[in-house]
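Work through the exercises below with the sequence and the 3D view open. Try each task before reading its solution.

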Amino acid sequence: MSVSEILATYGDLYVQALLTTWRMTLISFVLAMLIAVVVTVMRVSPIRPLRMLGDFYVQVFRNIAGIALLIIIVYALPYLGVTLPYDICVIATTVLLGSAFGSEHFMSGINTIGVGQIEAARSIGLTFTQMLRLIVIPQALRSAVLPMTNLFIAIMLTTAIGSQVPLSPMELTGLVSYINTRSVGGIATFFISALGYVGTALVVGLVGNRIDKKARILR
Amino acid sequence: MAEDHSRKSPEGPAPIIELRQVNKYFGKLHVLNNINLKVAKGEVLVVIGPSGSGKSTMCRAINRLETIDSGEILIEGKLLPQEGKQLAQVRAELGMVFQSFNLFAHKTILDNVTMGPIEVLGMSRGDAEKRAMALLERVGVAEQASKVPAQLSGGQQQRVAIARSLAMNPKAMLFDEPTSALDPEMINEVLAVMVELAQGGMTMVVVTHEMSFARRVADRVVFMADGEILEKGSPEEFFDHPQTARAKTFLESIQGH
């Protein structure tokens, strides 16, 4: 089948799949960012058990393959009495992975803040939480725009593990298997999905660059 | 700011800052060796000494940016708190100016100066900005208020840092080598602000290599070497009649500058 034939037959499904990929990516990214901030605050807190917990979280979820994590969530959690809908399983996987990497990006952002600024903040009498809120987190966020753009794209590509569970509607990669079990679509079915990913990544990259230019801190 | 221009003797009623038998080690290095020091209200104390003498460490210990291993530090007769809100409160009452300015890089000049008053003193934004603009005017950088630190010269940044400290209405100000990171032509603009502060009655502890500033402005000079205070005295006594061999060598070594 040619690209146009595939689109004629499965065009609606492709649109749905693209929207599903977008939706899962967006939800995952927002949740991953929120958790990444919390985990990073734990990792820089003066309370040792919190620091250790934060580091442990990052080490666990940064070092586990997405598909392995998905299998655990889909097949192992029910034994613990937790059975989640499939789309939630996929989002949980990408959020756990993404937040671990996101926290690492924030940490490197924090490391660019000179110890001098922290001392200055303490000298004017800011408490630890004020210092985090006013100095550390804003600067870490603003210097992490580019890595976070990359993370957004990585999260989008990771949602492809949704092809391994029965999602409804399907996301872009799952749709490829679906079509190829019904028609002889071949490489063209992959090509159309790939366009969806690449097109999105290009736009996200452009937006990220633009935000970075605005947010970047002059040093 | 205190109204009186007279200098009280260091033995006056309640010293603003007092160090009693303070010791600190970096590993085996004895960086602060039995430091005893009182700074009276309105006094300008200049600390000089060769690099590695512990003078910066002493200055930073006064608002606990450095911890100490033994001894006591008292602010207005009260023991410096170890941590938490009480420590933050004491820090808010002591201004600190650093060698490397340390302005908040993501904030405008105005926001740098208003942050403390708004967040720590609970001042309204309007009042804080009015006060900040007056202070920026006083240190001569009011027209830079909407810029960010990286757009200013070192001398301008340091003057903003002084304004940021002043905005907290401090009881005393600590200067940790405020001109050491500056190009020569910018040193005087910062020193001029400090001279004006001293003349206005501000209590100041100044770690510096600017001997002319020490001679002109200091009520008392403290000479440190190898973590110890070797000499205390008026600038005239110290510069014209140093007692210790260490101080004589030091003064000779900087004569060429």
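The exercises that follow concern a predicted model.

**Exercise 1. Overall form of chain B**

Task: Determine whether the radius of gyration of chain B agrees or disagrees with that of a compact globule.

Solution: 
- Step 1. Chain B has 257 residues, and a compact globule with that number would have a radius of gyration near 18 Å.
- Step 2. The value for chain B is 18 Å, so it agrees with the globule rule.
- Step 3. Along the principal axes, the C-alpha atoms of chain B fill a box of roughly 55 × 40 × 40 Å.
- Step 4. Nine helices and ten strands make up the secondary structure of chain B, and 56% of its 257 residues count as buried.
- Step 5. Take the contacts in chain B between residues at least 6 apart in sequence: 67% of them join residues at least 24 apart.

**Exercise 2. Surface and charge of chain B**

Task: State what part of the accessible surface of chain B belongs to carbon and sulfur atoms, and how far apart the mean positions of its positive and negative charges are.

Solution: 
- Step 1. The accessible surface of chain B is about 11,100 Å², and 47% of this belongs to carbon and sulfur atoms.
- Step 2. Chain B carries 28 positive and 32 negative charges, and their mean positions are 4 Å apart.

**Exercise 3. Nonpolar cores**

Task: Find which residues touch the most other members of the largest nonpolar core.

Solution: 
- Step 1. The largest nonpolar core has 71 residues; A:Tyr14, A:Ile135, B:Ile17, B:Leu19, B:Val47, B:Met58 and B:Ile75 touch the most other members.
- Step 2. Helix H1 (residues 3-44) of chain A gives the most to this core, namely eight residues.
- Step 3. Another core lies apart from it and holds 51 residues, including B:Val97, B:Ala142, B:Val221 and B:Phe223.

Methods. Residues are numbered from 1 along each chain as its sequence is written. Chains are lettered from A and ligands numbered from 1 in the order in which they are written. This is a predicted model: local features need pLDDT of at least 70, side-chain atom pairs count only at pLDDT 80 or more; totals for chains, interfaces and linings use all residues. Side-chain values use heavy atoms; hydrogens and water are left out. Helices (H or I, at least four residues) and strands (E, at least two) are DSSP runs, numbered from the N terminus. The radius of gyration is taken over C-alpha atoms; the globule rule is 2.2 Å times the number of residues to the power 0.38. Buried means under 20% relative accessible area, exposed over 50%, partly exposed in between (1.4 Å probe, protein chains only). Contact means heavy atoms within 4.5 Å. Accessible areas come from the Shrake-Rupley method with a 1.4 Å probe; for residues, only the protein chains shown count as cover. Lys and Arg count as positive and Asp and Glu as negative; His and the chain ends are not counted. The place of a charge is taken as NZ of Lys, CZ of Arg, CG of Asp or CD of Glu. A nonpolar core is a set of buried Ala, Val, Leu, Ile, Met, Phe, Trp, Tyr and Cys residues joined through side-chain atoms within 4.5 Å.
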